[in-house]
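Open the model in your viewer and keep the selection tool ready. Each stop below says what to select and what is there.

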Amino acid sequence: MTGLLSAAPRQCWRQANGLRFATLELGEGPLVLCLHGFPDTAWSFVPVMQRLADAGYRVVAPFMRGYLPTAVPADGDYRATTLAADVLGLIDAFGGHAAAVIGHDWGSLAAQLAASRKPQAMERLVACAVPHPGHFATHLRLRQLRRSYYIGLFQLPQLPERLIAAQDFRWLQGLIRRWSPGWNYSAADLAPLLASLSEPARMQAALGYYRQLPRSLRVPGAWRWVQSPIAVPTLAICGTQDGCIGPEMFEHQQRRYTGPYACYRMRGAGHFMQCEQPQLFADRVLAFLQP
């Protein structure tokens, strides 16, 4: 490949939903948003961004609220419904035309809730590593509950912060290895994430996403968004070796999508499939965006 594949994204600042977001941006053309999750940052999308930009898209990867260098919200609001509002606010910040959205992990949840709330804001949706939220909530089994133990752990005060940061983030790196056993990441791959989590306010922000899950469901209409079918054309992507959310959680969820729907299982990939197999990931996304 040639052209933009050798280019580095530029860092920009965008105001959306009352918050100042740092973004990585590359290319010109129709807008594609790339939304990261935990434990991650926008930098993990760079190889995919380069491929999409080379194909003629304007690709934007925001650092999600609270993640360095995006602002930490003064009100400490990390509800899932607020994350969905961030997605819609970012689309508005780029002119308000319908965008394609790629969401991974928390980014996937935020994008799917945004699609439920305002389907006309999205042309296409790529939901990675997290199934439809209503399907996930109603199909939990013991195997997945065991994988998701960390969500309960993160509800505790202070202990998770100490555990994650201890011994140069040894526990966190172990978690990443369990989630993506085939990913031979480098120190450089994790450096932006560890820099963010090294700041106490950023650590609390990342954990706040989990700690405010119960509060998220108390927002008026939130459960309706969780359960609502998604009309936006959707490609779901899961890794067959995902140790965070098992690929079986994506089975039999077609009825949750009233628009065109497909599910692609990335063989040998774990939770961070866009990092492990970026070219294959980009190929699948481009085939979906350009049918």
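**Stop 1: Phe169**

Select Phe169: with a relative accessible area of 9% it is buried, where buried means under 20% relative accessible area, exposed over 50% and partly exposed in between (1.4 Å probe, protein chains only). Phe169 sits in helix α7; helices (H or I, at least four residues) and strands (E, at least two) are DSSP runs, numbered from the N terminus. Phe169 is not a glycine, yet its phi is positive, about 65 degrees. Most residues other than glycine have a negative phi, and most peptide bonds are trans.

A note on the source: this is a predicted model, in which local features need pLDDT of at least 70 and side-chain atom pairs count only at pLDDT 80 or more, while totals for chains, interfaces and linings use all residues. Residues are numbered from 1 along each chain as its sequence is written, and side-chain values use heavy atoms, with hydrogens and water left out.

**Stop 2: His252**

Now pick His252, in the loop between β7 (234–239) and β8 (261–266). Its phi is also positive, about 60 degrees, and His252 is not a glycine. Is His252 buried or exposed? It is exposed, with a relative accessible area of 63%.

**Stop 3: two cis bonds**

Select Phe38 and Pro39. A cis peptide bond joins them, with omega about -15 degrees. Pro39 lies in the loop between β3 and α1. Move to Leu68 and Pro69, which are also joined by a cis peptide bond, with omega about 5 degrees. Pro69 is in the loop between β4 (58–62) and α2 (80–93).

**Stop 4: aromatic rings**

How many aromatic pairs does the structure hold? There are 17; rings of Phe, Tyr and Trp (its six-membered ring) pair if their centres lie within 6.5 Å, and planes under 30 degrees apart count as stacked, over 60 as edge-to-face and the rest as tilted. Show Phe38 with Tyr210: the ring centres are 5.4 Å apart and the planes stand at 80 degrees, so this pair is edge-to-face. Phe38 is in the loop between β3 (31–35) and α1 (46–54), and Tyr210 is in helix α9 (residues 200–211), 172 residues apart. Phe38 counts as buried at 1% relative accessibility. Tyr210 counts as buried at 2%.

Next, look for charges over rings (NZ of Lys or CZ of Arg within 6 Å of the ring centre and within 35 degrees of the ring normal). Arg20 lies over the face of Trp13, 4.1 Å from the ring centre. The charged end of Arg284 sits over the ring of Tyr264, 4.0 Å from its centre.

**Stop 5: Cys34**

Select Cys34 in strand β3. Cys34 is buried, with a relative accessible area of 0%.

**Stop 6: helix α3**

Colour residues 106–117, the twelve residues of helix α3. The helix reaches 16 Å from its first C-alpha to its last, close to the 16 Å expected at 1.5 Å a residue; the expected span is 1.5 Å times one less than the number of residues. Eleven of the twelve residues are buried, so α3 is largely enclosed by the rest of the structure. Among the buried residues are Trp106, Leu109, Gln112 and Ser116.
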